[in-house]
2 protein chains.
Amino acid sequence: MAQIEHATVKPRLGRKRDHTRDPEILDVALDVLAETGYDGMTVEMVATRAKAGKATLYRRWPSKSDLVLDAVACMKGRDLDVDSLPDTGTLRGDLVAMIKPPSIRDSERKLKVMAGIVSMIARNPEMAAAAQEALVEPRAAVNRIFFRRAIDRGEIPSDVDVEKLCMIGPALVAYRVLLLRKPVDREFLLSNIDEVILPAVGLRAA
Amino acid sequence: MAQIEHATVKPRLGRKRDHTRDPEILDVALDVLAETGYDGMTVEMVATRAKAGKATLYRRWPSKSDLVLDAVACMKGRDLDVDSLPDTGTLRGDLVAMIKPPSIRDSERKLKVMAGIVSMIARNPEMAAAAQEALVEPRAAVNRIFFRRAIDRGEIPSDVDVEKLCMIGPALVAYRVLLLRKPVDREFLLSNIDEVILPAVGLRAA
DNA sequence: CATATACGGTACTGCGGAGTTCCGGATATG
DNA sequence: CATATCCGGAACTCCGCAGTACCGTATATG
């Protein structure tokens, strides 16, 4: 959305040789991608909305697909860092603590981007890898931490399939957004936790 | 559409006015769609592979999107009919009985088709409706029957959220195929049943 | 056999978007 | 001020595909 402007001090010295605007352009590219899908997106749309020239984009990225690939790959850093994760002392507490408007909006944007590139994923290994790394893995990583913590403190059995559990939440959300076209609200996410994920690890909901 | 053509009296003149080849063409369209995605697919590809002329397709469908829409909508009938569903006497038995190579292949094809149109679904309500009706709903319907049976025979509580349960399996499969790009095998499907679905209804796996 | 109809196939048009080129202007350097 | 560098933007080429037009042919009818 490009609203995350550079709070970084940008002294007016020097040239903008340093590709300063790259992140901004990539962010615009993600927006257009999410709105129109890969094939619906044109390089000119991105250029115009980023107030840049089409030539500028081609100076930086050799092709449209490279631009998109870079944009997707650069989503990777945007996630909450590990230190700022909730640690409530219970698995349910941790999972519920992740249900926050910003987190939900982040998910939905990622899923719209995902929707825009799914058809490419099947035929472009690079894109598949980028999507995996930037969209799937970060979400799983967070859950993985929660489940491992729960195992360590003896809250859940140690023989559960953590990798599988990590995917349940994301899978239910992706299905609902991409295929069912229904909204992801707090109630839905809570029921995922209480009716599906917790039972799967042998816990009863509150 | 297409196959429920006019049984109306019109045996006059010409050749097969009955659009006999429509189902064949639509089936080819689905194959191409699954292989290349909506935007990668060209009407000529479909025509050539169906050994038909491009003009023939345009005589029958006004545009490419109409062709695809019809093709997707016509997948609806392809599912196993209700009478031939397994009825093993237990929920787990019924769910496991659905794990068969033909059923798996059917699912994977549907999901590839789905992958080819996801980006359109977000912006084309007709396509969204067709996909919902032909790809999502039939699968859910089968599960719905199994869960209702289980409730009727008192195997599982009657207050479970059937609609939500119906989606768990499809969601896990879709996520694995479309986003993780991993194969859907018997082991995966069994673990879905035993580690996720059955726990969610309060049952322990075998 | 004559005729009408739909078909397969080819050649065409029109358009939109990828990628390129060019230029005038802004900015920094010395 | 002179110069070098990069940018935004406009104009351009090129190409692929949606959609159309047309033709030769196969088949059904009478």
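This is a predicted model: local features need pLDDT of at least 70, side-chain atom pairs count only at pLDDT 80 or more; totals for chains, interfaces and linings use all residues.
Residues are numbered from 1 along each chain as its sequence is written, chains are lettered from A and ligands numbered from 1 in the order in which they are written, and side-chain values use heavy atoms, with hydrogens and water left out.

Colleague: By what turn can chain B be laid on chain A?

Modeller: The superposition is by least squares on the C-alpha atoms of residues with pLDDT of at least 70 in both copies. It gives an RMSD of 0.1 Å with a shift of 0.0 Å along the axis, and the turn is 180°. The two copies are therefore related as by a two-fold rotation axis.

Colleague: How many residues does the contact take from chain B and from chain A?

Modeller: Contact means heavy atoms within 4.5 Å. Of the interface residues of chain B, 100% are also interface residues in chain A, so the copies meet through the same surface. The contact takes 37 residues from chain B and, from chain A, 37 residues.

Colleague: Which three residues supply more of the area that chain B buries against chain A than any other three?

Modeller: Buried area is the accessible area (1.4 Å probe) that two parts lose on being put together, summed over both. Chain B and chain A bury about 3000 Å² between them, with 66% of it on carbon and sulfur atoms. Of the area that chain B buries against chain A, 21% comes from Lys164(B), Tyr175(B) and Leu179(B).

Colleague: At roughly what angle do the axes of α6(B) and α7(B) cross?

Modeller: Axes are lines fitted to C-alpha atoms, for helices over the stretch in contact, and angles run from 0 to 180 degrees between N-to-C directions. The axes of helix α6 (residues 101–121) and helix α7 (residues 125–152) of chain B come within 11 Å, and they cross at roughly 160°. That makes α6(B) roughly antiparallel (over 145 degrees) to α7(B).

Colleague: Within what distance do the axes of α7(A) and α8(A) come, and at roughly what angle do they cross?

Modeller: Among the residues that meet in this pair are Phe147(A) in α7(A) and Pro170(A) in α8(A). For helix α7 (residues 125–152) and helix α8 (residues 162–180) of chain A, the axes come within 9 Å and cross at roughly 130°.

How values were computed
Helices (H or I, at least four residues) and strands (E, at least two) are DSSP runs, numbered from the N terminus. Angles under 35 degrees count as roughly parallel, over 145 as roughly antiparallel, 65 to 115 as roughly perpendicular and the rest as oblique.
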